[in-house]
Amino acid sequence: MVGRKRSEMMEETRAKLIASARKAFTEKGFAAASMDELTAEAGLTRGALYHNFGDKRGLLQAVVDQLDSEMAKRAHEVAGQAGTDWDGLLAEGVAYIEMALDPEVQRIVLLDGPAFLGDPSQWPSQTGCLQLTRQTVERLIAQGIVRPLDPEAAARLLNGAALNAALWVAASATPQDVLAKAVEAFLALAEGLLARPS
């Protein structure tokens, strides 16, 4: 019973720090966000941050992981509303690109994340997205909708195209204009995977 309460308290502390960091990183950016301010906002100390995340960069990683999971869930839900696996695959990619307009996603995941955590395609959270895309590609190949390509190669290229399109939108001075171009190009690239009638 005591152990369970301690673990609940630790989870509550982590949740408070992540929530406070999401707000601070969105409003000020990672570099300008003060650890003292974000811990005070959470009603905690720097010690709590160090204990739970190691440092400010570890906190950023936790925030990015949480946001990335939420993005994947949203994109997967959009895909689930499409009529076919192919339409779902396209809808999921487009949804991911469109999330680049969300200020929180834009600032934390697409701008500060790569700047301070490195290549997004190497983040652990991307592995789950890649596996889901690969499974969809495998089904589409089995259905004869997609050419018989290596499913992992096709999944990596689709995910990479969506990620790079989202990065482009987030970094643009005119994100809405770039979004339209990025979505159009993403859809054209994806259509290249379709099986051609003989």
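Predicted model: local features only at pLDDT ≥ 70, side-chain atom pairs only at ≥ 80, totals over all residues.
**Helix α6**

I listed V105, I108, V109, L110, D112, G113 and L117 as its buried residues. Buried means under 20% relative accessible area, exposed over 50%, and partly exposed in between, with a 1.4 Å probe and protein chains only. Helices are DSSP runs of H or I with at least four residues, strands are runs of E with at least two, and both are numbered from the N terminus.

I set the ground rules here. Residues are numbered from 1 along each chain as its sequence is written, and side-chain values use heavy atoms, with hydrogens and water left out. Local features need pLDDT of at least 70 and side-chain atom pairs count only at pLDDT 80 or more, while totals for chains, interfaces and linings use all residues.

Next I looked at the course of α6, residues 103–117. It bends by about 25 degrees at L111. The bend at a residue is the angle between axes fitted to the seven residues ending there and the seven starting there.

I then checked both ends. At the start of α6, a side-chain oxygen of D102 comes within 2.8 Å of the backbone nitrogen of E104. After α6 comes G118, with a positive phi near 90 degrees.

I placed G118 in the loop between α6 and α7. Why does G118 count as partly exposed? Because its relative accessibility is 30%. Leaving out residues up to four places away in sequence, G118 touches G113 and W123; contact means heavy atoms within 4.5 Å. I also took its separation from R46: 72 residues along the chain, and 25 Å between C-alpha atoms.

I found E152 in helix α8. E152 counts as partly exposed because its relative accessibility is 29%. Q135 is 17 residues from E152 in sequence, and their C-alpha atoms are 9.0 Å apart.

**Pockets**

I looked up open spaces next. The search runs on a 1 Å grid over the protein atoms alone: a pocket is an open set with protein on both sides within 12 Å along at least five of seven lines, a cavity is a set of points where a 1.4 Å probe fits but cannot get out, and lining residues have an atom within 4 Å of a point. Points are joined across faces, edges and corners, and a volume is the space filled by probe spheres set on them.

The largest pocket holds about 190 Å³. Its lining includes W123, P124, R156 and N159. α7 (125–142) and α8 (151–171) each supply at least two lining residues. α8 gives the most, four. I counted four nonpolar, six polar and one charged in this lining. Ala, Val, Leu, Ile, Met, Phe, Trp, Tyr, Cys and Pro count as nonpolar, Asp, Glu, Lys and Arg as charged, and the others, Gly among them, as polar.

The second largest pocket holds about 160 Å³. Of its 13 lining residues, H76, A79, D85, T136 and R139 are closest to the centre. α4 (56–80), α5 (85–98) and α7 each give two or more.

**Cavity**

How many cavities of 30 Å³ or more does the structure hold? I found one. About 210 Å³ of space lies in the largest cavity. Its lining has 14 residues, with E92, Y96, T133, N159 and A162 nearest the centre. By class, I noted nine nonpolar, four polar and one charged.

Terms used:
Polar contact = N/O pair within 3.5 Å; in protein donor to acceptor, adjacent residues only side chain to side chain.
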